[in-house]
Amino acid sequence: MAETNLTLVTEFLLMAFTEYPERAFPLFLLFLCIYLITLSGNLGMIILIRMDRRLHTPMYFLLRHLSFMDICYSSVTVPQTMAVLLEHGAALSHSRCAAQFFLFTFFGSIDCYLLAIMAYDRYVAVCQPLLYVTIMTQKAQLGFVSGAYVAGLFSALVRTVSAFTLSFCGNGEIDFIFCDLPPLLKLTCGDSYTQEVVIIVFAIFVLPACMVVILVSYLFIMVAVMRIPSAGGRAKTFSTCASHLTAVSLFFGTLIFMYLRDNSGQSSEKDRVVSVFYTTVIPMLNPLIYSLRNKEVKEALRNILSRIQLS
């Protein structure tokens with residue numbers, strides 16, 4: 001390869017949706033509304049769990065951390081996307097792109113681990129109810145959450161260092177809503193074998209590992225539910241898992257589509273739609289999923305609202 005054809009990238013240009021300038025402002029308003037709903041919904045969930053003593057259980061302790069992660073996760077990407085739409089593109093320095101990539105990976109990894117821990121919590125609650133209090137102690141909860149944060153930090157550090165030791169060539173344009181690994185790899189020049197190995201290692205030790213925990217937990221849950229003689233009892237028991245199962249299906253389904261497939265020859269338009277879904281829409285939907293399909297949350301919300309009206 002001739003050296004004259006290689007221009008090292010010192011800054012990246014986010015260009016997602018800039019081919020439709022007439023749609024920029026409506027899309028900006030849409031993202032703004034989604035972001036405000038995400039912030040208010042997840043913050044409201046955190047406050048509700050904090051205020052209602054009946055929600056001071058291991059499951060809601062984990063849900064509180066999940067809501068906090070959804071706020072952080074969304075805040076890494078959505079404001080940047082709105083800036084791209086308003087300015088018809090946005091330039092990011094090498095270090096700023098790396099910082100965004102690190103934070104996105106950090107919060108996203110913790111989300112994966114928390115959903116897996118929540119599946120284990122449901123397994124203990126359904127399959128070993130008499131031991132639930134002794135297994136899911138406050139110390140155990142803190143240990144699980146601390147482990148998720150440490151593992152997320154390690155994963156983010158490894159992936160960020162590996163990705164940004166690459167050399168990037170060309171015009172630096174990224175047809176994406178944020179600095180993510182698939183579009184960055186398209187700009188690499190030279191050997192990227194090591195970085196591709198890191199992607200595989202990340203895929204093996206984060207996504208499938210968490211999915212195995214979730215699938216095994218729900219396999220035992222289904223066996224336990226099928227042993228319940230009455231249909232009403234089976235429905236009531238499984239309903240305690242419905243919200244979590246819905247959140248898991250949405251989150252991991254989009255991540256699998258994005259990261260556990262061959263990206264060669266794939267439509268960047270399709271990738272952008274999927275990335276918007278898992279970075280923007282899912283954090284907005286999670287509070288709705290856990291409130292609309294959860295009797296305890298709905299009762300707690302009614303109690304809080306009645307207290308406000310009485311005061």
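Colleague: Why does Q141 count as buried?
Modeller: Buried means under 20% relative accessible area, exposed over 50%, and partly exposed in between, with a 1.4 Å probe and protein chains only. Q141 has 11% relative accessibility, so it counts as buried. This is a predicted model, where local features need pLDDT of at least 70 and side-chain atom pairs count only at pLDDT 80 or more, while totals for chains, interfaces and linings use all residues. Residues are numbered from 1 along each chain as its sequence is written, and side-chain values use heavy atoms, with hydrogens and water left out.

Colleague: Which residues does Q141 touch, not counting those up to four places away in sequence?
Modeller: Q141 touches P58, F61 and M136. Contact means heavy atoms within 4.5 Å.

Colleague: Where is Q141, and what makes that part a helix?
Modeller: Q141 is in helix α5. Helices are DSSP runs of H or I with at least four residues, strands are runs of E with at least two, and both are numbered from the N terminus. Helix α5 covers residues 138-163, which is 26 residues.

Colleague: What makes the pair C97 and C179 a disulfide?
Modeller: A disulfide is a pair of cysteine sulfur atoms within 2.5 Å. The sulfurs of C97 and C179 are 2.0 Å apart, and a disulfide joins them. The torsion about their S-S bond is about -125°, so this disulfide is left-handed. C97 lies in helix α3 (residues 94-127) and C179 in the loop between β4 (173-174) and α6 (181-185), so the bond ties together parts that are 82 residues apart in sequence. Both C97 and C179 are buried.

Colleague: How many disulfides are there in the whole structure?
Modeller: There are two. The other bond joins C169 to C189, with 1.9 Å from S to S. Its torsion is about 50°, so it is right-handed. C169 is in the loop between β3 (167-168) and β4, and C189 is in strand β5 (residues 188-189), 20 residues away. C169 and C189 are both buried. With the bonded cysteines numbered in sequence order, the pairing is 1-3, 2-4.

Colleague: What makes R122 and D121 a salt bridge?
Modeller: A salt bridge is a side-chain nitrogen of Lys or Arg within 4 Å of a carboxyl oxygen of Asp or Glu. The side chains of R122 and D121 meet at 2.9 Å, N to O. R122 is buried at 8%, and D121 is buried at 0%. Side chains of opposite charge can pair when their charged atoms come close.

Colleague: Which residue pairs with D52 in a salt bridge?
Modeller: D52 forms a salt bridge with R54, and their closest N and O atoms are 3.3 Å apart. D52 has a relative accessible area of 3%, so it is buried. R54 has 46%, so it is partly exposed. The structure holds two salt bridges.

Colleague: Is Y132 buried or exposed, and how do you know?
Modeller: Y132 has a relative accessible area of 14%, so it is buried. Y132 lies in helix α4 (residues 132-135). Its contacts, not counting residues up to four places away, include D121 and R122.

Colleague: Why does F205 count as exposed?
Modeller: F205 has 58% relative accessibility, so it counts as exposed. F205 is found in helix α7 (residues 193-205).

Terms used. The expected span of a helix is 1.5 Å times one less than its number of residues.
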